Amino acid sequence: MVRDYKRKTDRGNTPAEVFQSAAHAITQENLSIRNAAERYNIIFMTLHRYVKRSRLQENNDGGATHVGYTSHRKIFTDNQEVELANYAADSAKLYFGLTTKDLRQLAYQFAVTNGIPVNQVWKDNHMASKDWLLGFLKRNKDLSIREPEATSLSRATAFNRHNVNLFFNNLGSVYEKYKFEFHNVYNVDETGLTTVQKPSKVIAKRGTKQVGAMTSGERGQLVTMALAVNASGNSVPPMLVFPRKNFKDFMLSNAPPGCKGAAHQSGWMTSENFLIFIEHFVQFVKCSKDKPVLLILDNHESHLSISVLNYCKLNGVVLLSFPPHTSHRLQPLDRTVYGPLKRYYNSAADGWMKSNPGKPMTIYDIPGVLAKALPLAATPNNIQNGFAVTGIWPYNRDIFTDQDFLPAEVTNRPFVTNTPVDNPVQLNEDAIIMPKERTPSPQPSTSRSSKSGGHFTPQQIKPFPKAPARKQQKGRRKRKSEILTDTPVKAALEAEAEMRENRKKKAERTKKNMSGKISLASTSKRTTLIKKYPKQPDTDSESDDEDALCLQCLEAYSSSRNEEWIRCTKCKRWAHLRCAKNDDYYVCLHCLSDSDDDY
């Protein structure tokens, strides 16, 4: 089949009105067919066939006579193709889009289930042909083959209507309480700047298999930048966290004006460095308890330290947190500033590499590159658009539509409760929907014929993905959107911090006590014999058919028969002599930790 056929003539393009006028002249004016064809510039035989068909049509049912070429025979009708196109578009909105092979298989199942005759090639492969797929995409111009952007499951599920409504409820209460103006609403976020940039596109010879561009290395070093902007389009000078133990002033050479610097061995933002940024923020904003400002930020651990909350409360900074894993839709900086910043930064880094050939970029060159890229990205227009598209300013809690929440519908699961049908049912991820009566649709048989009058939609044949119930897992406490500087929230965070500190102190005491007992055991009299066992060591707590495991490295005895083993003097379990690192008196870590309960 010719997939990209282009017409070479204009045959068949004569409008139907011209044929009707010529036929009227023949019947009413007694004009011959040849003279009518010359008058209306129509081919004689074409007009002759049209007149003949029109006379036959009048004698039968009086319908309109077809003009021009007929369209090729299609497997599906226009309405059926619309159903397939809508299903493919909705699947992409759910982040479970169809591949070309999935769509071909669905088309075959859709045709067979509804009793639509298909070609033998479809039956042999159990899917539609490639020619049908290409024609389907040409007939549906709003569909195209796209490369999807990887989106984590946490982001897709956390951005649901309930979490977003909770954030806008908190935002509205803060606006109502403090009467903030647009220049007092700020957003802060961090991003990483690396010494290895993503090269920009270059012009090269067509057909070249590989085109390279120079970077300073394979793996670069990371510098974290924290930036705060407000709804009026202004920004506070950024802060850079360098991957060094101590910060030196020379690190900020050629940096943007007013830039603040800090250091941490990892180059990441920590609680101590974020406190430095908040002090820097208050210095530029000039806020106080009498003139408070709103600072919206995410739930990163460095933002929730008690020292930061106390300082903000004393200096009139009201902290409001986003729901977790929703910054890709609610964070103004992520929406309209950091994307252009990365492009301008990579372009400026390319220019630096060309200006310094043969010289690798270091972390001390990043401030100079940032000074060129930041003014181009953090423009007033970009910043204002970021606050507008997220609904933060102007305040618009209905900025997101139902289609924006479609990915979260995959994991919406109702709790097992005795809630009446007329009341809302609470779902996981704190989502709220109104229950609907659902009748399970029967699975259509492939032998069903369209003569029975039934029609199955693509969604009935291949339902949209729905996640099953998930087991509750222990882990870090789940956060939500909160006004962090409110007294109840701040008190709860202080209690959490105190519990973490107590656990940390207990672990340090346990470690110290263990080291003391081990040092004492090294001078004690030897009480356990060390043997090179030719057979499996006998264990008191395990059955004979189970293999003994080393208490330290958990390696089985069957895989290390030729090594020396030693037994704990308390629990009588075994460990490798090399793992125990003690040939006089061995007490395993489990027994040492159990004896430390009095602490």
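Colleague: Which residues of α5 are buried?

Modeller: This is a predicted model, where local features need pLDDT of at least 70, side-chain atom pairs count only at pLDDT 80 or more, and totals for chains, interfaces and linings use all residues. Residues are numbered from 1 along each chain as its sequence is written, and side-chain values use heavy atoms, with hydrogens and water left out. Buried means under 20% relative accessible area (1.4 Å probe, protein chains only). In α5 the buried residues are Leu 103, Arg 104, Leu 106, Ala 107, Tyr 108, Phe 110, Ala 111, Val 112 and Thr 113.

Colleague: What covers the buried residues of α5?

Modeller: Helices here are DSSP runs (H or I, at least four residues), numbered from the N terminus. Contact means heavy atoms within 4.5 Å. The cover includes α4 (78–93), α6 (120–125), α7 (130–139) and α17 (458–461).

Colleague: How many Å does α5 reach from its first C-alpha to its last?

Modeller: Helix α5 spans residues 100–113, 14 residues in total. The expected span is 1.5 Å times one less than the number of residues. For α5 that expectation is 20 Å, and the helix comes close to it, reaching 20 Å.

Colleague: Which residue with positive phi follows α5?

Modeller: The phi in question is near 70°. The residue is Gly 115.

Colleague: Why does Val 587 count as buried?

Modeller: Val 587 sits in the loop between α19 (577–580) and α20 (589–594). Its C-alpha is separated by 6.8 Å from that of Lys 570, 17 residues apart along the chain. Val 587 counts as buried because its relative accessibility is 16%.

Conventions:
Helices (H or I, at least four residues) and strands (E, at least two) are DSSP runs, numbered from the N terminus. Buried means under 20% relative accessible area, exposed over 50%, partly exposed in between (1.4 Å probe, protein chains only).
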